[in-house]
Each structure stands twice: as C-alpha cells, then as structure tokens.
Amino acid sequence: MIPELAGFITRREGRKFLRLRPAIDESVVTGSGVDEGISLYIHIPFCRTLCPFCCFNRYLFKEDQARSYFVSLRKELDFYIQRGFRFSDFYFGGGTPTIMMDELLSFIDYLNQNFTVKRISLETTPRDISEETVRQLKAAGVNRLSVGVQSFDDRILKAMGRLFITGEEAKERLRLVQGKFDTVNVDFVFNFPGQSLTQFEADVRTFRELVIDQATFYPLMASPHKRDAMERRFNRIDTSREKKFYNIILRELFPAGYQSSTAWCFSRGDRMLAEYIIDSDDYIGIGAGSVSIVKGNFFVNSFSLEKYAAMIDSGRLPVVGWRSLSPAEHLRYYLLTKLFGLEISEEKFRRRFDTGLYRKLGAELTLLRLAGVLRGQTDGFKVTRRGMYTVSVMMRDFFASLNTLREHYIERQV
Ligand SMILES: C[S@@+](CC[C@H](N)C(=O)[O-])C[C@H]1O[C@@H](n2cnc3c(N)ncnc32)[C@H](O)[C@@H]1O
Ligand code: SF4
C-alpha cells in the first residue's frame, strides 16, 4: 500500500515535468554561479539492433549519420564552454557509446583538451567488449564501465530480442573487463513478462559468482504505448510481482558483502555510480534526447537526429522543451534524488538551499518516517531496508513519467 501510494504521488509530481515551454530563455543557461562539480551526460543514440523493450532515445546505427552526430556533439559542448560551464565528471550513455570507437576516443581527447577530467563512466554492451576495446577504454581514462547484460538466461534474452549474444558469451566478455577498471557494473532488468523468480534468482547468483564490483537492477519500465506494444508481443506486465523480485536482490546480495549504493545499484567497496542525478545536484545533458537540470531549470534536447543537428547548425541550443521548476517542485525533485541515493544529509541540504531540511520538507519527511521508509540520524536521514522497495517504486514511476515525455517527442520527432 505504501509503495503504491508513494508511486502515485511521484507520478503526479513527474507529470509536472511534462508541461514544458517549447522555447528556452537561453539566458538561464549560464555557468556563472554553477558548482564546479556539475556533471556532463553525453548521449550516443546508436545501436546495432533495437531492443523492443528499451525506453531510451536510440536509432539503428548508420556510420555517416553517427559521424556527423559526433561533430554536432562537439559543437553543443562548445556552447556550454562558451557559457562558462566547467565539468570534471562525465557519463557516456546511450544507445551504445562504444559503437564507433574512433569517434568516441577522439571525443574523449576533446574533453581532455578542454577540462580537467576526473572521472569517466561509460555504457556498453557485452557484444562490443574485446581485449582491444578494453585496452583502448582504459588508455582513454575510463574509470567505470557499465555493461548491459539484462539476464544470463537465453530464454529471457530471446524474449528481450537480445540473443545477439548468449548468457555464456556474456560471462566470457565480463571476464575480460573484470578488474580492469576502478568499477565494473552490470545492468539487469527484472520483472520482464514471462521471467520467473527462479530465473532471476539464478541471474543474481551468477552475478555474485562472477565477483563483479557492482550491479544495477532496473525494474522493467514502460511508457503507455510501449506497454501496449510489449503486452501484445509478450505477456502482461505485472507490477504486483515486482516486490518479490526486489526481495531476491536484497536477500542474495547483502549477505555476500554488497552494499546498496542506490535503491537499484549494489556495490562491493567504494565504487563510482552512474547516477549523476545523485552525485551532483545539477547536470547538463548533451546529445539528442538528453535532459538537463541547472539551478531549478529543467530542459530537454530535441530527440530527432535531423532537428538536433539543424538547431546546432543554426547556432542555437538544441532545446525543445523547458520548464523553470517552482521552489516546491525543485525541493521535491531534490528529495526524490536523495531518497534514491538512500540518504539525505542535513549539511548538504543547508549548503544547497541555505536553510534546514525540516523547515522546507517537514511534512514529506514526517510522512516517510511514519511509513517506515526513513529513519532519522543526527545529521539527516537514511532509507531503511524496508523502505528501499518504496523508493524503487517512486523512482520507477518518476522515470515512467519521463518515458511518457520521451515517447511523445520520439513519435513526433520533436
Ligand atoms: C541505455 S541502456 C545502455 C546499455 C547498452 N545499450 C545495452 O543495452 O547493453 C542502459 C540500461 O537501461 C536499462 N533499460 C533499458 N530499457 C529499459 C526499460 N524499458 N526498463 C528498465 N530498464 C531498461 C537496461 O538495463 C540497460 O542496460
Ligand atoms: S537496451 Fe541498449 S542495445 Fe538495446 S536498444 Fe536500448 S540502448 Fe540499444
């Protein structure tokens, strides 16, 4: 009941992010007064095959298109440099960032020419991993490599449209990256239609046996249209089973020495996260379909490759939707991201908003405490083990709202 209620409230909040103005007031996009620790997300929207369940902005790979995309990316980054932004943490996501290694490596060179690069996190698929790519990524300074495995079970991979590589082959590829980066992460999806609890438990145990640093477990998220399409193709998406899947993660990983870094991410030791939305309060996203949050302004780039390139060529930011969050919306967004990261620090809040947590979020914090989601400590709050599933539902529902936005823009090629 509590997770469902929390999810409902989050969906309602998330829908506010969908009410966007079409044109941005470019004067709000300035690096002055923005923290040096702001992260940069870089979206590479190309894949060799398109997985039917995937909710990200992605297109079938075509070499010419991808090459000109990397040119546009540099120009977009230049806009931000000219506006005074300085970044040190970089997150490449997709799509498949490793789809064109020469372009990726030269883009990383460009980052090094312009910034003091501290950390680079990058997503890839098992299919792209070879000794050569590992060597190149290491030499380029990649600290965290995240590999989308989804499942080791070939029946699930087939249902997901991902049998381009079998579970056994994925394990082989993971052995090539194991221990080569500061952090190696593996992504899984759970509660896929037709996936049994036993199949998922076997996936979590295999992950544990591979002794990999980190895993991120995504509950299947579907926007309304994707949901219809997936249910026509597979089975009903049954969210009532989700908690049982989630409990398997906690039951299998906590005793094995993994700690929760977020509600979805479990790590051994102190590892780098992909969740730039937790690491830094503000972030800029570049590339087609990326989103940004700066000083309470939320904005969205064009999802269409043509429109994205055309806007950049005409000297504009490729932004097609913008909203200045009200102070209350901004605070609730802050709360959601910190809940997802499982702790809320009084000191960090004070530094960010110049006032105390209880003064601004007293009602929300009291409710979450009464519901057993949070427990207080001297310097803030921590999400309880029992509350972790509630936070997972909140995040899933928040992303589902954003997926509605993505779907709307992708279908209309905005
Ligand atoms: C953008 S993908 C990049 C990884 C890489 N392209 C791959 O598929 O191997 C990042 C992760 O998002 C997750 N993901 C994609 N679509 C999802 C969906 N509809 N619901 C839940 N998780 C999803 C998958 O676990 C995937 O590995
Ligand atoms: S899951 Fe990964 S490989 Fe599949 S379409 Fe999405 S981004 Fe591409």
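An N or O atom in the side chain of Arg162 lies 2.8 Å from an oxygen atom of ligand 1, and a nitrogen atom of the ligand is 3.4 Å from a backbone N or O atom of Cys55. I then looked up the cover: on its own, ligand 1 has 560 Å² of accessible area, of which the protein covers 96% (Shrake-Rupley method, 1.4 Å probe).

I note here that this is a predicted model, in which local features need pLDDT of at least 70 and side-chain atom pairs count only at pLDDT 80 or more, while totals for chains, interfaces and linings use all residues. Residues are numbered from 1 along each chain as its sequence is written, chains are lettered from A and ligands numbered from 1 in the order in which they are written, and side-chain values use heavy atoms, with hydrogens and water left out.

Next I listed the shell of ligand 1, where a residue is near if one of its heavy atoms lies within 4 Å. Of its 19 residues, Phe53, Gly94, Gln150, Arg162 and Met221 come nearest. By class I found 9 nonpolar, 7 polar and 3 charged residues (Ala, Val, Leu, Ile, Met, Phe, Trp, Tyr, Cys and Pro count as nonpolar, Asp, Glu, Lys and Arg as charged, and the others, Gly among them, as polar).

For ligand 2, I found Cys47, Leu50, Cys51, Cys54, Arg58, Gly95 and Arg162 around it, a shell of 4 nonpolar, 1 polar and 2 charged residues. I followed Gly95 to the loop between strand 4 (89–94) and helix 3 (101–114) (helices, H or I, of at least four residues and strands, E, of at least two are DSSP runs numbered from the N terminus). A cis peptide bond, with omega about 10°, joins Gly94 and Gly95.

Last, I checked positive phi values in residues other than glycine. Val211, in the loop between helix 7 (197–209) and strand 8 (214–219), has phi near 55°, and I found Val211 partly exposed at a relative accessible area of 44% (buried means under 20%, exposed over 50%, partly exposed in between, with a 1.4 Å probe and protein chains only). Leu342 has phi near 75° and sits in the loop between helix 12 (327–340) and strand 15 (343–345); at 9% relative accessibility, Leu342 counts as buried.

Methods:
A polar contact is a pair of N or O atoms within 3.5 Å; within protein, one must be able to donate a hydrogen and the other to accept it, and residues adjacent in sequence count only if both atoms are side-chain atoms.
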